[in-house]
Amino acid sequence: MPNLPEIDAAVPELTEIFRDLHAHPEIGMEEVRTSAVVAAKLREWGVDEVHEGVGRTGVVGIVHGRGQGNRRIGLRADMDALPIQEATGLAHASTQAGKMHACGHDGHTTMLLGAAQYLARTRNFDGTAVLIFQPAEEGLGGARAMIADGLFQRFPVDEVYGMHNQPTGQPGRATLCKGPAMAGASFFDITVTGKGSHAAMPQQSRDALVAASGLVGQFQTILGRNVAPLDQAVLSVTQIHAGSAYNVVPETATLAGTIRFFRPEVRDLMQTRMRAICDGAAQAFDLRITCAFREIFDVLVNDADLSDAWTQAAADVLGADNVRDDSQPFTGSEDFADMLQQVPGAYGNLGHAGTVPLHNPGFVLDEGILPVGASIYARLIERRLPVAA
């Protein structure tokens, strides 16, 4: 089965929606215009219930099938953009300076809208489809905000599914990793406070910059000598800031970065070792170091049986030979993991013709996957909530 014919027929409308969303990107928790567009389209297409303001700027749509079944399946798409200046040269490029849909969430939103339109028209399922348009996926806690706002109490579901585009240069391919599929993530902020001095008289200082620079290399020993070789983990210092003059030893220095992990025990080990290294450096250099962690993403764990449901729906659209369920775990993170902590489900990846990486100013989402993703979403509902013969 290729794309659903009704969804293929809607491609011109879906493309127009996608290009409008792309031209008007909004950062996490600022998706006011985006959520208004989503809500308006859902109402225009006859979705039974439309709830706005869930988790601040999230939207939930409810579509009832033709039968009397009480099972409920959730479909989720993210809506937020990134603080990146677009450099694609597209006719529908971002009109907002310093903001861009560089991760394709405009495409994800359009795919779920396409499924919503189809499901509201055909209702070829027995039960309820819950359509979740989530804000602030990009590290700003949108899934947690919706959950805290009672998402699954107000709109309970038995299963929940999501997907992400991947610019692999291979359109018509879908992949999924069963079990732990995407890493959990913590962000860290470290402040080193010493004593400043004239750069010509460093003996009068307690040099925060020297201490901070040493921490960068020492942290890497955690991966080589503390984390077991078969445990996947990442520790990246991504920022270091200190000083403002050529002739001043700075009094303070700050570092920031992220750790990635697939088991909470590994996260705890890495954080414990980082604190110990900071304590040791503080004593060695006679200064003060504070180390704070923020838990940003849980490990995304795909349910084994529901992974099969996702790949079967994808195979309906793409053909079984073009769908794989044995991809390797990915050290990137995704806050759909928070929803999977609440409800079992699965999250897969949909390849397209683009080749510029995600989060790049030149990223272009291949519009050809819009009806593909919409069809997969729709088939998930029809497969999981079949109408009795």
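**Exercise 1. Which element supplies the largest share of the lining of the largest cavity?**

Solution. The model is predicted; local features need pLDDT of at least 70, side-chain atom pairs count only at pLDDT 80 or more, and totals for chains, interfaces and linings use all residues. Residues are numbered from 1 along each chain as its sequence is written, and side-chain values use heavy atoms, with hydrogens and water left out.

Step 1. On a 1 Å grid over the protein atoms alone, a cavity is a set of points where a 1.4 Å probe fits but cannot get out, and lining residues have an atom within 4 Å of a point. A search of the whole structure finds one cavity of 30 Å³ or more, and the largest cavity has a volume of about 40 Å³.

Step 2. Its lining consists of E6, I7, A10, G114, Q117, Y118 and R121. Two or more of these residues come from each of α1 (5-9) and α4 (105-122).

Step 3. The largest share, four residues, belongs to α4.

**Exercise 2. Determine whether the end-to-end distance of helix α9 agrees with its number of residues**.

Solution. Step 1. The expected span of a helix is 1.5 Å times one less than its number of residues.

Step 2. For the 15 residues of α9 (residues 304-318) the span should be 21 Å; the end C-alpha atoms are 21 Å apart, which agrees.

Step 3. At the N-terminal end, D303 caps α9, with a side-chain oxygen 3.1 Å from the backbone nitrogen of D305. Just after α9, G319 takes a positive phi of about 95°.

**Exercise 3. Is T15 buried or exposed?**

Solution. Step 1. T15 is found in helix α2 (residues 11-23).

Step 2. Buried means under 20% relative accessible area, and exposed over 50% (1.4 Å probe, protein chains only). Because its relative accessibility is 15%, T15 counts as buried.

Step 3. With neighbours within four places in sequence left aside, T15 is in contact (heavy atoms within 4.5 Å) with E367 and L370.

**Exercise 4. Describe the lining of the largest pocket**.

Solution. Step 1. A pocket is an open set of grid points with protein on both sides within 12 Å along at least five of seven lines. The largest pocket has a volume of about 840 Å³.

Step 2. Its lining comprises 41 residues, of which H164, Q166, M182, F330 and L358 lie nearest the centre.

Step 3. The largest share of this lining, four residues, comes from β16.

Conventions
Polar contact = N/O pair within 3.5 Å; in protein donor to acceptor, adjacent residues only side chain to side chain. Points joined across faces, edges and corners; volume = space filled by probe spheres on them.
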